[in-house]
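Dear colleague,

I am handing over the structure below, and after it I set out what was found. Please read the notes with the coordinates open beside you.

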Amino acid sequence: VLEAFGQTGYRGYLTFEYFHPYQHWPEALIHQTGDSLDRMLGRKSIALRPASAADAELLHAWRNDERARRNFFDPAAVSFADHLRWLEQCLRDPQRRLFIALDQGAPAGCLRLDLRDHVADISFYVNPERFGEGIGTGILRAARDWTLANLPGVRRLSGSVLESNRASHAAFAAAGYSRSHTVYSLALERR
């Protein structure tokens, strides 16, 4: 940390304080501290681009990776034909937005927003080769920013997480979402 600040010419003090009274706070502390540093140093900004049919193979490979599936509500592998049908339906559905999350221009994950009333339900997954890099937190922040800029009727983001999915719990907490059982939400404040 100090070495990274030294490279910027910073010579002051650096203090991190964090308190979060819930069971996954150690993971949230790690992600929150890393994310704060990344933002101060201008790194780890996740961009979103709309997904397309050309992303089918990439999304299918990530979705079917065993490391990712164990964190899904339905962990069964999906055939490529079924995946293509799902993707085509997603891309046509006016109540759904599907994105590829980009880290420094490279695909790093997938984000889906399902719109209902004034809520956007979030579903996301990270390229399994990028697990542990804080990509999930970046995706959740990018979801917030994109929704605020593009969906003025949406007042809340909501995401459900398996109790055993510690990485997603930590990512939601680090991105500022509030927890209620295994559902996280973020009230959107427009200025």
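Throughout this email, helices (H or I, at least four residues) and strands (E, at least two) are DSSP runs, numbered from the N terminus. On that basis the protein chain has seven helices and seven strands, and along the sequence they follow the pattern α-α-β-α-α-α-β-β-β-α-β-α-β-β.

This is a predicted model, in which local features need pLDDT of at least 70 and side-chain atom pairs count only at pLDDT 80 or more, while totals for chains, interfaces and linings use all residues. Residues are numbered from 1 along each chain as its sequence is written, and side-chain values use heavy atoms, with hydrogens and water left out.

Two totals describe the chain as a whole. Of the 191 residues, 42% count as buried, where buried means under 20% relative accessible area, exposed over 50% and partly exposed in between, with a 1.4 Å probe and protein chains only. Contact means heavy atoms within 4.5 Å, and of the contacts in the protein chain with a separation of 6 or more, 60% are between residues 24 or more positions apart.

The helix pair

Two packed helices are described by the angle between their axes and the distance between the axes. Helix 3 (residues 56-64) and helix 5 (residues 80-92) pack at an angle of about 115 degrees, with their axes 10 Å apart; here axes are lines fitted to C-alpha atoms, for helices over the stretch in contact, and angles run from 0 to 180 degrees between N-to-C directions. The residues that meet are Ala56, Glu57, Leu59 and His60 from helix 3, and Phe80, His83, Leu84 and Leu87 from helix 5. These residues divide into five nonpolar, two polar and one charged, with Ala, Val, Leu, Ile, Met, Phe, Trp, Tyr, Cys and Pro counted as nonpolar, Asp, Glu, Lys and Arg as charged, and the others, Gly among them, as polar. The buried residues of helix 3 are Ala56, Leu59, His60, Trp62, Arg63 and Asn64, and what covers them includes helix 4 (66-69), helix 5, strand 2, strand 3 and strand 4.

Helix 6

Helix 6 (residues 135-150) has 16 residues and reaches 22 Å from its first C-alpha to its last, close to the 22 Å expected at 1.5 Å a residue, the expected span being 1.5 Å times one less than the number of residues. Its buried residues are Ile135, Gly136, Thr137, Gly138, Ile139, Leu140, Arg141, Ala142, Ala143 and Thr147. Gly136 has a relative accessible area of 11%, and, leaving aside neighbours within four places in sequence, Gly136 is in contact with Phe124, Val126 and Ala171. Gly136 and Phe172 are 36 residues apart in sequence, and their C-alpha atoms are 8.0 Å apart in space.

The cysteines

A disulfide is a pair of cysteine sulfur atoms within 2.5 Å, and a search of the whole structure finds zero of them. The closest cysteine sulfur to that of Cys90 is in Cys110, at 8.0 Å, which is too far for a bond. Cys90 is buried at 2% relative accessibility, and Cys110 is likewise buried, with a relative accessible area of 3%.

Positive phi in two loops

Gln104 has a positive phi of about 55 degrees although it is not a glycine, and lies in the loop between strand 2 (96-103) and strand 3 (106-116). Asp117, also a residue other than glycine, has a positive phi near 50 degrees and is placed in the loop between strand 3 and strand 4 (119-126). Gln104 is exposed, with a relative accessible area of 73%, and Asp117 counts as exposed at 73% relative accessibility.

Two serines in strands

Ser158 is found in strand 5 (residues 156-160) and is buried, with a relative accessible area of 10%. Not counting residues up to four places away in sequence, Ser158 touches Val119, Ala120, Asp121, Ile122, Val183, Tyr184 and Ser185. Ser178, in strand 6 (residues 178-180), is partly exposed, with a relative accessible area of 47%; with neighbours within four places in sequence left aside, Ser178 is in contact with Val183, Tyr184 and Ser185. The C-alpha atoms of Ser178 and Ser158 are separated by 9.3 Å, and the two residues are 20 residues apart along the chain.
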